[in-house]
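This briefing goes through a structure by topic. Please keep the sequence and the 3D view open while reading.

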Amino acid sequence: MMSWLTQYNYYIVVVLMMIGFYIVIAQANLIKKLMGLSLFQTSVFILYISMGNVEGGTAPILDPEFGVFSNPLPHVLILTAIVVGVATTALGLALAVRLHEAYGTLEEDEIQQQDDGAC
(Lines give C-alpha, C1' and ligand atoms only; values in the text may rest on other atoms or scores of the structure.)
Protein backbone atom coordinates (compact mmCIF):
# COMPACT_ATOMS: atom_id res chain seq x y z
CA MET A 1 0.00 0.00 0.00
CA MET A 2 1.29 3.44 -0.97
CA SER A 3 1.80 6.16 1.57
CA TRP A 4 0.11 9.51 0.97
CA LEU A 5 3.57 11.10 0.88
CA THR A 6 4.48 9.15 -2.25
CA GLN A 7 1.58 10.78 -4.06
CA TYR A 8 2.77 14.37 -3.51
CA ASN A 9 2.59 15.19 -7.23
CA TYR A 10 -1.19 14.71 -7.18
CA TYR A 11 -1.48 17.15 -4.28
CA ILE A 12 0.59 19.64 -6.26
CA VAL A 13 -1.78 19.17 -9.20
CA VAL A 14 -4.81 19.94 -7.05
CA VAL A 15 -3.19 23.02 -5.49
CA LEU A 16 -2.09 24.42 -8.87
CA MET A 17 -5.49 23.68 -10.37
CA MET A 18 -7.35 25.48 -7.59
CA ILE A 19 -4.98 28.48 -7.69
CA GLY A 20 -5.46 28.79 -11.46
CA PHE A 21 -9.22 28.39 -11.13
CA TYR A 22 -9.36 31.02 -8.38
CA ILE A 23 -7.35 33.48 -10.49
CA VAL A 24 -9.70 33.02 -13.45
CA ILE A 25 -12.78 33.63 -11.29
CA ALA A 26 -11.51 36.34 -8.94
CA GLN A 27 -9.52 38.61 -11.24
CA ALA A 28 -11.06 41.14 -13.60
CA ASN A 29 -7.86 41.83 -15.55
CA LEU A 30 -7.72 39.81 -18.78
CA ILE A 31 -3.94 39.23 -18.61
CA LYS A 32 -4.29 37.79 -15.10
CA LYS A 33 -7.11 35.55 -16.35
CA LEU A 34 -4.87 34.27 -19.16
CA MET A 35 -2.11 33.50 -16.66
CA GLY A 36 -4.63 31.69 -14.43
CA LEU A 37 -5.73 29.58 -17.39
CA SER A 38 -2.10 28.83 -18.18
CA LEU A 39 -1.49 27.72 -14.59
CA PHE A 40 -4.62 25.53 -14.70
CA GLN A 41 -3.43 24.02 -17.97
CA THR A 42 0.01 23.30 -16.49
CA SER A 43 -1.61 21.40 -13.62
CA VAL A 44 -3.43 19.20 -16.13
CA PHE A 45 -0.12 18.51 -17.89
CA ILE A 46 1.46 17.44 -14.60
CA LEU A 47 -1.54 15.21 -13.88
CA TYR A 48 -1.27 13.36 -17.20
CA ILE A 49 2.50 12.98 -16.92
CA SER A 50 2.11 11.63 -13.37
CA MET A 51 -0.47 9.09 -14.47
CA GLY A 52 1.67 8.00 -17.43
CA ASN A 53 4.65 7.14 -15.25
CA VAL A 54 5.14 3.43 -14.51
CA GLU A 55 7.37 2.64 -11.57
CA GLY A 56 10.28 0.53 -12.75
CA GLY A 57 9.19 0.88 -16.36
CA THR A 58 11.59 1.45 -19.22
CA ALA A 59 11.20 2.67 -22.77
CA PRO A 60 9.32 0.14 -24.91
CA ILE A 61 12.41 -1.62 -26.26
CA LEU A 62 11.95 -5.29 -26.99
CA ASP A 63 14.66 -6.97 -25.01
CA PRO A 64 14.40 -10.00 -22.74
CA GLU A 65 16.21 -8.00 -20.06
CA PHE A 66 13.26 -5.59 -19.66
CA GLY A 67 9.88 -6.72 -18.40
CA VAL A 68 7.97 -3.56 -17.44
CA PHE A 69 7.41 -0.85 -20.03
CA SER A 70 6.17 2.73 -19.82
CA ASN A 71 3.72 3.84 -22.46
CA PRO A 72 5.17 6.88 -24.27
CA LEU A 73 1.79 8.03 -25.60
CA PRO A 74 0.78 10.24 -22.62
CA HIS A 75 4.09 12.10 -22.81
CA VAL A 76 3.77 12.61 -26.56
CA LEU A 77 0.22 13.91 -26.14
CA ILE A 78 1.38 16.34 -23.46
CA LEU A 79 4.11 17.66 -25.76
CA THR A 80 1.42 18.35 -28.35
CA ALA A 81 -0.80 19.96 -25.70
CA ILE A 82 2.07 22.21 -24.58
CA VAL A 83 2.56 23.47 -28.14
CA VAL A 84 -1.17 24.10 -28.52
CA GLY A 85 -1.25 25.80 -25.10
CA VAL A 86 1.58 28.15 -26.01
CA ALA A 87 -0.16 29.03 -29.27
CA THR A 88 -3.52 29.72 -27.62
CA THR A 89 -1.86 31.80 -24.89
CA ALA A 90 -0.08 33.83 -27.57
CA LEU A 91 -3.40 34.33 -29.36
CA GLY A 92 -5.05 35.41 -26.10
CA LEU A 93 -2.27 37.90 -25.42
CA ALA A 94 -2.58 39.28 -28.97
CA LEU A 95 -6.32 39.72 -28.44
CA ALA A 96 -5.61 41.46 -25.13
CA VAL A 97 -3.30 43.90 -26.93
CA ARG A 98 -6.05 44.67 -29.45
CA LEU A 99 -8.61 45.11 -26.66
CA HIS A 100 -6.27 47.50 -24.88
CA GLU A 101 -5.84 49.50 -28.08
CA ALA A 102 -9.60 49.64 -28.63
CA TYR A 103 -10.77 50.29 -25.06
CA GLY A 104 -7.71 51.65 -23.26
CA THR A 105 -8.06 49.06 -20.49
CA LEU A 106 -7.95 45.34 -19.82
CA GLU A 107 -10.42 45.35 -16.91
CA GLU A 108 -13.61 43.40 -17.70
CA ASP A 109 -16.00 45.78 -15.96
CA GLU A 110 -14.57 48.87 -17.67
CA ILE A 111 -14.82 47.22 -21.09
CA GLN A 112 -18.41 46.20 -20.31
CA GLN A 113 -19.27 49.77 -19.24
CA GLN A 114 -17.83 51.19 -22.45
CA ASP A 115 -19.80 48.67 -24.52
CA ASP A 116 -23.04 49.44 -22.62
CA GLY A 117 -22.49 53.18 -23.04
CA ALA A 118 -21.90 52.83 -26.80
CA CYS A 119 -25.34 51.27 -27.43
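This is a predicted model: local features need pLDDT of at least 70, side-chain atom pairs count only at pLDDT 80 or more; totals for chains, interfaces and linings use all residues.

Lys33 is found in helix H2. At 14% relative accessibility, Lys33 counts as buried, because the cut-off for buried is under 20%.

**Lys33 and its surroundings**

- Leaving out residues up to four places away in sequence, Lys33 touches Val24, Ile25, Gln27, Ala28 and Glu108.
- With Glu108, the contact includes a salt bridge between the two side chains, at 3.7 Å from N to O.
- This pair links distant parts of the chain, since Lys33 is in helix H2 (residues 30–52) and Glu108 is in helix H4 (residues 108–118), 75 residues apart.

**Salt bridges**

- How many salt bridges does the count come to? The count comes to two.
- One is the Lys33 and Glu108 pair described above.
- Arg98 also forms a salt bridge, with Glu101, and the closest N and O atoms of this pair are 2.5 Å apart.
- Arg98 and Glu101 are separated by about one helical turn, because they are three residues apart in helix H3 (residues 73–103).
- In general, an α-helix has 3.6 residues a turn, so residues three or four places apart point the same way.
- Arg98 is exposed, with a relative accessible area of 54%, and Glu101 is exposed, also with a value of 54%.

**Helix H1**

- Helix H1 (residues 8–26) has 19 residues. From its first C-alpha to its last, H1 reaches 27 Å, close to the 27 Å expected at 1.5 Å a residue.
- Which residues of H1 are buried? They are Val13, Leu16, Met17 and Gly20.
- These residues lie on the same side of H1, because they cover an arc of only 100° around the axis.
- The buried residues of H1 pack against H2.
- The face of H1 turned away from the buried side carries Tyr8, Tyr22 and Ile25, which are exposed.

**Met17, a buried residue of H1**

- Met17 has its place in helix H1 and is among the buried residues there.
- Setting aside neighbours within four places in sequence, Met17 is in contact with Phe40, Ser43 and Val44.
- Between Met17 and Leu39 the C-alpha to C-alpha distance is 7.1 Å, and the two are 22 residues apart in sequence.

**A nonpolar surface patch**

- Trp4, Leu5, Tyr8, Tyr11 and Ile12 make a nonpolar surface patch of about 610 Å².
- Leu5, one of these residues, lies in the segment before H1.
- Leu5 has a relative accessible area of 54%, and therefore counts as exposed, for which the cut-off is over 50%.
- Tyr8 belongs to the patch and is also one of the exposed residues on the face of H1 turned away from its buried side.

**Helix H3 and its packing**

- H3 has 31 residues and reaches 44 Å from its first C-alpha to its last, close to the 45 Å expected at 1.5 Å a residue.
- Ile78, Gly85, Thr89, Gly92 and Ala96 are buried in H3, and the buried residues of this helix pack against H2.
- Just after H3, Gly104 takes a positive phi of about 80°.

- Ala96 lies in helix H3 and is buried, with a relative accessible area of 4%.
- Not counting residues up to four places away in sequence, Ala96 touches Ile31 and Leu106.
- Ala96 and Ile31 are 65 residues apart along the chain, and their C-alpha atoms are separated by 7.1 Å.
- Ser38 lies in helix H2. Is Ser38 buried or partly exposed? At 24% relative accessibility, Ser38 counts as partly exposed.
- Ser38 and Gly92 are 54 residues apart in sequence, with 11 Å between them in space, C-alpha to C-alpha. Gly92 is one of the buried residues of H3.

Methods. Residues are numbered from 1 along each chain as its sequence is written. Side-chain values use heavy atoms; hydrogens and water are left out. A salt bridge is a side-chain nitrogen of Lys or Arg within 4 Å of a carboxyl oxygen of Asp or Glu. Helices (H or I, at least four residues) and strands (E, at least two) are DSSP runs, numbered from the N terminus. Buried means under 20% relative accessible area, exposed over 50%, partly exposed in between (1.4 Å probe, protein chains only). The expected span of a helix is 1.5 Å times one less than its number of residues. The arc is that of the directions from the helix axis to the C-beta atoms. Contact means heavy atoms within 4.5 Å. Patches are made of residues with over 30% relative accessible area and no salt bridge: like charges are joined within 9 Å, nonpolar side chains (Val, Leu, Ile, Met, Phe, Trp, Tyr) within 5 Å. Accessible areas come from the Shrake-Rupley method with a 1.4 Å probe; for residues, only the protein chains shown count as cover.
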